[in-house]
Amino acid sequence: MAFTRKELKIFRSMRPGGRERAPIFGLTKLTAWADLILAGPILGAPHAAMVLEHLSRRGVRSFLSLGWCGSLRPELVWGDIVLPVSAWSEEGTSAHYPLTDGPAEADHELGGRLAQTLNELGYKFQTGRVWSTDAPFRETRDKVKKYAAEGMLAVDMETSALMTVARFRGLAWAGLLVVSDELWGEKWRPGFESAQLEDGLTKAARAVLAAAS
């Protein structure tokens with residue numbers, strides 16, 4: 001699962017030869033190989049949950065995703081890679097998938113495979129909890145400070161929903177996020193067109209494909 005067109009382009013350059021399938025939900029393109037389906041772009045928790053549900057009904061049981069995140073901490077800057085293991089939900093999708101067997105987390109086996117692959121490739125990364133929200137324009141300074149103080153590394157829009165829906169449906173999910181902007185300073189620092197983001201996404205995509213093989 002690729003959240004933006006940047007990741008789609010990178011994945012396709014690394015894995016040519018896939019067959020284009022009919023788009024789903026309007027703009028989400030599907031590219032299929034014998035052992036892999038690439039889906040994207042995907043924006044926000046409801047969309048991510050819909051794509052995961054749709055593909056699971058086609059028989060997909062394991063999911064890896066790659067997206068962007070905003071850093072909550074000064075040790076995470078543009079292009080750095082984050083491996084989320086759990087997430088705090090401020091999005092509206094997860095509540096529709098109540099869990100009775102513990103909190104939503106990344107699949108341990110898939111997450112461990114990603115970590116091992118990153119280490120084998122020599123790529124630095126940080127592992128921890130993230131915050132997911134439906135309202136990026138309400139990532140207030142107070143919230144950034146509060147969640148950073150609670151140990152959260154970054155903020156995105158999809159991770160908590162993907163973790164929750166996957167666990168609810170008995171699916172395996174893990175993913176990587178790459179820092180696209182920094183929220184921890186006095187001023188917001190967007191790096192959406194930075195070389196650092198491009199480099200981080202390229203490294204993360206290489207790790208995701210290696211872990212998927």
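Predicted model: local features only at pLDDT ≥ 70, side-chain atom pairs only at ≥ 80, totals over all residues.

Reader: What makes β1 and β2 a pair of strands?

Author: Two strands pair if at least two bridges are found between them. Strand β1 (residues 19-24) and strand β2 (residues 28-32) share 4 bridges in the antiparallel sense, so they meet the definition of a pair. Isoleucine 24 stands opposite threonine 28 of β2. With 3 residues between them, β1 and β2 form a hairpin.

Reader: Why is phenylalanine 25 called partly exposed?

Author: Buried means under 20% relative accessible area and exposed means over 50%, with partly exposed in between. Phenylalanine 25 has a relative accessibility of 41%, so it counts as partly exposed.

Reader: What kind of peptide bond joins glycine 40 and proline 41?

Author: The bond between glycine 40 and proline 41 is cis, with omega at about 0°. Most peptide bonds are trans. Proline 41 lies in the loop between β3 and α2 (44-56).

Reader: What lies closest to the centre of the largest pocket?

Author: The largest pocket holds about 720 Å³ of space. It is lined by 25 residues, and Pro136, Glu139, Asp181, Trp188 and Phe192 are the closest to its centre. Elements that each supply at least two lining residues are β4 (62-71), α4 (141-149), β7 (154-156) and β8 (172-182). The largest share, 3 residues, comes from β4.

Reader: How do the residues of that lining divide into nonpolar, polar and charged?

Author: In the lining of the largest pocket, 13 residues are nonpolar, 5 polar and 7 charged. Among the residues closest to the centre, Pro136, Trp188 and Phe192 count as nonpolar because Pro, Trp and Phe are on the nonpolar list. Glu139 and Asp181 count as charged because Glu and Asp are on the charged list.

Reader: Which element gives the largest share of the lining of the second largest pocket?

Author: That element is α6, with 4 residues. The second largest pocket has a volume of about 410 Å³. Its lining has 21 residues, and Leu36, Ile37, Ser62, Leu64 and Ala212 lie nearest its centre. This lining divides into 16 nonpolar, 1 polar and 4 charged residues.

Definitions and conventions. Residues numbered from 1 in each chain as written. Heavy atoms only, no water. 1 Å grid on protein atoms, 1.4 Å probe; cavity = no way out; pocket = protein on both sides within 12 Å on 5 of 7 lines; lining within 4 Å. Points joined across faces, edges and corners; volume = space filled by probe spheres on them. Buried < 20%, exposed > 50% of the residue type's maximum accessible area, 1.4 Å probe, protein only.
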